[in-house]
Amino acid sequence: MKRMLIIGPPGSGKGTQAERLSASLGVAPISTGYIFRANVRDRTPLGVAAAAYLDNGDLVPDEITNAMVRSRLGEDDAREGFLLDGYPRTVAQVEELDDILAGHGQELDLVLQLSAGDEELVRRLLGRAKDAGRSDDTEKVIRHRLALYHGQTEAVLTRYAERGQLVRVDGFGAVDTVSERVLRATTLTSGRR
Ligand SMILES: Nc1ncnc2c1ncn2[C@@H]1O[C@H](COP(=O)(O)OP(=O)(O)O)[C@@H](O)[C@H]1O
């Protein structure tokens, strides 16, 4: 497993699972949300362009996001393998990723979907807001991010399911339990392609 995506609604724990899984697979962890937040914090031109979208829980426009991911996937470490967390989130981004990978002569090995119910997600995110201090963790913005997930990102899952690349993992439960499921899903499917 060298090139993977992890897709899940806000609060599904995909960031935590992505960190663990990329470490155990030895591939570059690439989180678009993390990259955006770091740029907002450092007030870079990218951060200035993206800040209002993040605060409102809106998707950053595709042209900005696509350019950022294209450049990150062109770096040396990512050429060896990556786990992308937070991208693609729209069908247009799926097509962009197809194009980027085709340009490198690469293909995806697996797409992991981490699932959880909406009420559990809202509960977790409101809990996190108290200690993590993310500016997009108010109930109104959380519900908006969830609505965008259902409205836009589920179509992304359909695309990968049609290609036979999607594996679904239940994100309900303790972090270690979910990590075991994630690892099992990647090892069970390795060698499939
Ligand atoms: N692929 C993307 N396309 C557009 N915006 C993105 C993308 N990835 C991240 N973002 C922006 O960063 C924010 C945080 O993303 P992320 O850390 O993945 O959090 P979550 O999944 O909890 O909403 C999103 O609400 C959005 O504003």
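In this predicted model, helices α2 and α3 pack at an angle of about 115°. The two helices are therefore roughly perpendicular to each other, since angles of 65 to 115 degrees fall in that class. Helix α2 spans residues 32-41 and helix α3 spans residues 45-56. Their axes lie 8 Å apart. The crossing of α2 past α3 is left-handed. On the α2 side, the contact is made by F36, R37, N39, V40 and R41. On the α3 side, L46, G47, A50, A51 and L54 take part. Sorted by class, this contact of α2 with α3 holds six nonpolar, two polar and two charged residues.

The strands form an open sheet. Five strands build it, in the order β2-β3-β1-β4-β5. Their pairing is parallel. Strands β2 (28-31) and β5 (166-170) form the edges. Each of these edge strands pairs on one side only. From one strand to the next, the twist averages 20°.

The pairing of β4 with β5 can be followed in detail. Strand β4 covers residues 110-115 and runs parallel to β5. Five bridges join the two strands. Within this pair, L112 stands opposite V167 of β5.

How values were computed: Residues numbered from 1 in each chain as written. Predicted model: local features only at pLDDT ≥ 70, side-chain atom pairs only at ≥ 80, totals over all residues. Axes fitted to C-alpha atoms, helices over the stretch in contact; angles between N-to-C directions. Helix = DSSP H or I, 4+ residues; strand = E, 2+ residues; numbered from the N terminus. Parallel < 35°, antiparallel > 145°, perpendicular 65-115°, else oblique. Left-handed = near helix turned anticlockwise from the far one by under 90°. Contact = placed C-beta atoms within 7 Å. Nonpolar A, V, L, I, M, F, W, Y, C, P; charged D, E, K, R; others polar. Pairing = 2+ DSSP bridges.
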